[in-house]
Amino acid sequence: MADQKDRIPMVQSEMRKEQGSPTQNQSKTRLLAAALHLIRGKGYAATAVDEICHEAGLTKGSFFHHFKSKDDLALAAVAHWRALTEGFFAGAPYHAPVDPLDRLLGYVDFRAAILSGELADYTCLLGTLVQETYATHPEIRASCEEALSAHIQELTRDVEAAKRLYAPDALWSAESVGNFMQAVLQGSFIFAKAEQSPEVIRQNLDHLRLALHALFHSEAHPDSKMKDHHQKATRPKPIVKPVEEPEEEYDNQQSHYTD
C-alpha cells in the first residue's frame with residue numbers, strides 16, 4: 001500500500017506534464033498535457049486555444065502546426081488520455097489477487113486512494129468532455145464513448161469471473177455491472193465538482209464496495225465473513241420490553257370480571 005501511495009503523485013504529475021516520458025515531438029505532447037489539465041479543470045467550452053498555448057509555453061503557430069482546430073486537439077487529447085490511463089491502470093496493484101472479487105474490490109480501493117490533489121488531478125477528462133459535447137460534437141462524443149467502453153470492458157472481465165465463482169445463477173450481466181461501476185464514478189465526479197471536495201466520491205465508493213458484495217452473494221468471501229463478524233460484535237443488542245398483560249375489566253351488570 002505504501003508503494004501505491006508513493007506512486008500516485010508521480011503518475012498524476014506525468015499525466016499533467018509528461019516530463020518523465022521521452023517523445024519525438026515534445027511540443028505536441030506539451031500541448032496535449034496542457035489541454036488535459038485545463039479541460040479537466042474548467043471544461044471544454046471555457047478552455048481557449050490561447051490558454052492551452054500559454055500553459056504549454058508555446059506559440060499559436062506551434063498549436064496550428066500540430067492541430068487543425070480546437071476540436072482536432074480534443075480528439076487527440078482523448079487518445080492521449082486513453083493511452084496514459086490504460087497504462088496507469090494496467091500497472092495498478094489491484095490486478096495481483098487471484099480471486100476476481102478481490103480484484104474488483106481492490107479497484108474500488110485504488111480509485112479511492114488516488115483522490116488527491118486538485119479536482120483536475122482526479123476527475124475524468126472523458127466525463128467532462130462528453131457532458132459538454134454529446135449533442136454538438138458527435139466525433140468527440142464517439143471518441144469518449146469508445147474510451148469509456150474500453151475501460152468498462154477491462155472491469156467486465158473480472159466481473160464475469162467473479163460471477164462464475166460467486167453468483168452463477170444471477171440474472172444480471174457482467175457488462176451491466178461494469179457500466180454501473182463506471183456510472184458511480186462519473187456521477188461522483190460531478191458531485192465532487194459541485195461540492196469542491198472528494199469526500200462524496202469516497203462515500204459513494206464505500207457504497208459501491210457494499211453493492212459488489214451484495215451482488216455476488218459473497219458470504220463465502222473472507223472479507224465478507226470478517227466484516228459480518230465485526231458487525232455482529234459491535235452491533236448493540238436490542239432492548240426488549242416485557243409484554244404487559246391487559247388489565248381485567250369489571251362488569252357491574254354481569255357481576256363478574258370480563259377480559
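## Basis of the model

Residues are numbered from 1 along each chain as its sequence is written, and side-chain values use heavy atoms, with hydrogens and water left out. Because the model is predicted, local features need pLDDT of at least 70 and side-chain atom pairs count only at pLDDT 80 or more, while totals for chains, interfaces and linings use all residues.

## Overall fold

The chain has 12 helices and two strands. Both kinds of element are DSSP runs numbered from the N terminus: helices are H or I with at least four residues, strands are E with at least two. Read from the N terminus, the order is α-α-α-α-α-α-α-α-α-α-α-α-β-β.

Of the 259 residues in the chain, 42% are buried. Buried means under 20% relative accessible area, exposed means over 50%, and partly exposed lies in between (1.4 Å probe, protein chains only).

## Helix α2

Helix α2 covers residues 26–42. It has 17 residues and reaches 24 Å from its first C-alpha to its last, close to the 24 Å expected at 1.5 Å a residue; the expected span is 1.5 Å times one less than the number of residues. Because 12 of its 17 residues are buried, α2 is largely enclosed by the rest of the structure. Among them are L31, L32, A33, A34 and A35.

A34 has a relative accessibility of 4% and so counts as buried. Just after α2, G43 takes a positive phi of about 100 degrees.

## Aromatic rings

The structure holds nine aromatic pairs. Rings of Phe, Tyr and Trp (its six-membered ring) pair if their centres lie within 6.5 Å; planes under 30 degrees apart are stacked, over 60 edge-to-face, and the rest tilted. F89 and Y107 form a tilted pair, with 6.2 Å centre to centre and 45 degrees between the planes. This pair links distant parts of the chain, since F89 is in helix α5 and Y107 in helix α6 (residues 100–113), 18 residues apart. F89 is buried at 10% relative accessible area, and Y107 is buried at 1%.

The ring centres of Y94 and Y107 are 5.3 Å apart and the planes stand at 80 degrees, so this pair is edge-to-face. Y94 lies in the loop between α5 and α6, while Y107 is in helix α6, so the pair ties together parts 13 residues apart in sequence. Ring pairs link F88, F89, Y94, Y107 and F110 into a cluster.

## Charges over rings

The charged end of K70 sits over the ring of Y44, 4.4 Å from its centre. K163 lies over the face of W172, at 5.1 Å from the ring centre. A charge sits over a ring if NZ of Lys or CZ of Arg is within 6 Å of the ring centre and within 35 degrees of the ring normal.

## The largest pocket

The largest pocket holds about 570 Å³ of space. On a 1 Å grid over the protein atoms alone, a pocket is an open set of points where a 1.4 Å probe fits, with protein on both sides within 12 Å along at least five of seven lines; lining residues have an atom within 4 Å of a point. Grid points are joined across faces, edges and corners, and the volume is the space filled by probe spheres set on the points.

The lining has 32 residues, and T85, E86, F89, R111 and H151 lie nearest the centre. Helices α1 (2–17), α5 (70–90), α7 (119–122), α9 (138–166) and α10 (174–195) each supply at least two lining residues.
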